[in-house]
Amino acid sequence: MSEAPLLRLRDLRVSFPGSAGELHAVGGVDLDLAAGEFLGVVGESGSGKTQLLLAMLGLNGERARVAGSIRFRDQELLGARGTAWQRLRGARIGMIFQDPLSALNPYLTIGMQLTEGVRRHQRLGKRAATHRALALLEAVQLGDGAQRLRQYPHELSGGMRQRIGIAMALICQPDVLLADEPTTALDVTVQAQILALLRELRDSTGVALVLVTHDLGVIAEVADRVCVMYAGRIVEQAPVAELFRASRHPYTEALRHSLLSLKEPLPERLPTIGGHPPDPAALPPGCAFAPRCQYVFTRCRSETPALTPINTGHTRACFHDGPLGRLGTDGN
């Protein structure tokens with residue numbers, strides 16, 4: 001990247017103490033986010049995606065042990081005081097949560113919740129804050145703005161609530177917008193509308209977007225670059241077009257093969273990835289994907305591959321250096 005990253009993570013680790021041992025949710029993530037970039041983060045449930053986002057806002061919880069470095073512009077966030085996080089959350093880094101119903105207060109009107117952040121962070125008066133809220137409701141394509149501001153969350157549909165969540169995250173005009181699976185609970189038509197809306201908002205406002213999802217097909221629709229996570233680590237990272245054209249990690253290949261094509265007949269058995277994701281409290285030695293990998297080598301079961309560059313902007317963490325698409329052998 002020619003300019004300094006807007007957000008930079010280095011060796012970020014998030015873990016939780018437990019009776020069965022330390023639960024490693026995020027294990028040594030390095031990640032840069034450029035201004036105006038649309039970054040997709042994909043992986044199965046339990047791969048550490050949500051904990052990665054929460055770490056960027058200091059929201060992992062009191063029991064979490066977070067180490068490494070998180071720099072926003074020139075400010076180191078890990079170890080920052082609570083007041084520093086409060087000034088940052090919502091104002092400079094916004095977040096769209098996975099479940100818009102639980103993210104909204106059922107006892108407060110949409111208007112009160114939508115204007116609270118901008119009145120606190122930017123000291124806008126009630127009239128100016130309401131004017132901005134109405135403009136944002138129009139931007140997120142939610143009609144009858146004045147009526148919406150008077151309503152409560154339970155009076156709105158899931159798609160409407162998600163648009164409210166997007167508006168709340170944008171009202172302070174942040175530099176970074178984090179979206180944690182914002183379309184999971186929506187039907188496919190509304191999902192397509194929300195994804196198109198996020199892309200339009202990025203283009204019109206210049207906000208940098210990080211979209212977390214378990215659906216690689218969603219990433220293909222909207223992202224500029226994609227990070228594939230497995231067992232708390234990034235195992236492959238590339239521009240989205242290159243990842244779909246020439247993925248270089250067996251896990252990414254398995255995710256791609258799990259997608260169905262509308263151009264091909266439906267198979268008798270839906271493609272799946274064999275085995276199960278590892279327990280974060282009992283990760284296997286070596287590569288965490290080795291027990292499920294068709295290209296596994298002996299060293300994979302004892303050594304952890306580092307994330308190494310293949311070419312400009314494309315990195316992967318794998319010992320297998322040959323072409324994908326064929327069965328591997330358990331050799332050296």
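Select leucine 9 and leucine 31 to begin: leucine 9 stands opposite leucine 31 in strand β2. The model is predicted, so local features need pLDDT of at least 70 and side-chain atom pairs count only at pLDDT 80 or more, while totals for chains, interfaces and linings use all residues. Residues are numbered from 1 along each chain as its sequence is written, and side-chain values use heavy atoms, with hydrogens and water left out.

**Stop 1**

Now select strand β1, residues 7–16, together with β2. The two pair in the antiparallel sense over eight bridges. Strands here are DSSP runs (E, at least two residues), and helices are DSSP runs too (H or I, at least four residues), numbered from the N terminus. Two strands pair if DSSP finds at least two bridges between them. Strands of a sheet pair through backbone hydrogen bonds, either parallel or antiparallel.

**Stop 1: strand β7**

Select residues 176–180, which make up strand β7. Five of its five residues are buried, where buried means under 20% relative accessible area, exposed means over 50%, and partly exposed is in between (1.4 Å probe, protein chains only). Both faces are covered: Val176, Leu178 and Asp180 are buried on one side, and Leu177 and Ala179 on the other.

Strand β6 (residues 93–96) runs parallel to β7 and is joined to it by four bridges. Within this pairing, glycine 94 stands opposite leucine 177. Strand β8 (residues 208–213) also pairs with β7 in the parallel sense, over five bridges. Here leucine 178 has valine 210 of β8 as its bridge partner.

**Stop 2: aromatic rings**

Show the side chains of tyrosine 230 and phenylalanine 289. A search of the whole structure finds three aromatic pairs. The ring centres of tyrosine 230 and phenylalanine 289 are 5.1 Å apart and their planes are at 85°, so this pair is edge-to-face. The pair links distant parts of the chain, 59 residues apart: tyrosine 230 is in strand β9 (residues 225–230), and phenylalanine 289 is in the loop between α11 (250–257) and β11 (308–311).

The rings considered are those of Phe, Tyr and Trp (its six-membered ring), and they pair if their centres lie within 6.5 Å; planes under 30 degrees apart count as stacked, over 60 as edge-to-face and the rest as tilted.

Are these two residues buried or exposed? Tyrosine 230 counts as buried at 4% relative accessibility, and phenylalanine 289 counts as buried at 4%.

**Stop 3: histidine 249**

Select histidine 249, in the loop between α10 (240–245) and α11. Histidine 249 is buried, with a relative accessible area of 2%. What lies 3.0 Å from a polar atom of its side chain? The backbone oxygen of alanine 317 does. A polar contact is a pair of N or O atoms within 3.5 Å; within protein, one must be able to donate a hydrogen and the other to accept it, and residues adjacent in sequence count only if both atoms are side-chain atoms.

Leaving aside residues up to four places away in sequence, histidine 249 touches Val235, Glu236, Phe289, Ala317, Cys318 and Leu324. Contact means heavy atoms within 4.5 Å.

**Stop 4: two positive phi angles**

Most residues other than glycine have a negative phi, and most peptide bonds are trans. Select arginine 123, whose phi is near 55°, a positive value in a residue other than glycine. Arginine 123 is in the loop between α4 (110–121) and α5 (126–139), and is exposed, with a relative accessible area of 69%.

Next select alanine 231, in the loop between β9 and β10 (233–239). Alanine 231 also has a positive phi, of about 55°, but at 14% relative accessibility this residue counts as buried.

**Last stop: the whole chain**

Of the 332 residues, 46% count as buried. The C-alpha atoms fill a box of roughly 70 × 50 × 45 Å, taken along the principal axes.
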